[in-house]
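Welcome to this short tour. Please open your viewer and keep the sequence beside it, and we will go from the whole chain down to a single residue.

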Amino acid sequence: GYTLAHPAAEVSVRRILEGLDESLDLVSCIGPDFICSMTDICPTKAAWGRINRGIIELFDSLTLEDLI
């Protein structure tokens, strides 16, 4: 089993996922270490970036307490 070091209401879903070394990027091309020759002309990269930021904001707003 696990013991929480902080109250569940203070532990964000983002913090949990990052603690598990999970990537929060929906597609690899918006990650910081990705190099793509299509970046400058990609029609979807900006949209994926906006969607990804929205999901990260959601993960920041949800806590472990919300899930249990």
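Along the principal axes, the C-alpha atoms fill a box of roughly 45 × 20 × 15 Å.

A word on what you are viewing: this is a predicted model, where local features need pLDDT of at least 70, side-chain atom pairs count only at pLDDT 80 or more, and totals for chains, interfaces and linings use all residues. Residues are numbered from 1 along each chain as its sequence is written, and side-chain values use heavy atoms, with hydrogens and water left out.

Next, switch to the cartoon view. You will find three helices and zero strands, in the order α-α-α along the sequence. Helices (H or I, at least four residues) and strands (E, at least two) are DSSP runs, numbered from the N terminus.

Now select helix α2, residues 45-61, and pick out Asn52 within it. Is Asn52 buried or exposed? Asn52 counts as buried because its relative accessibility is 5%; buried means under 20% relative accessible area, exposed over 50%, and partly exposed in between (1.4 Å probe, protein chains only).

Finally, show the partners of Asn52. Leaving aside residues up to four places away in sequence, Asn52 touches Leu24, Asp25, Leu26 and Ile30, where contact means heavy atoms within 4.5 Å.
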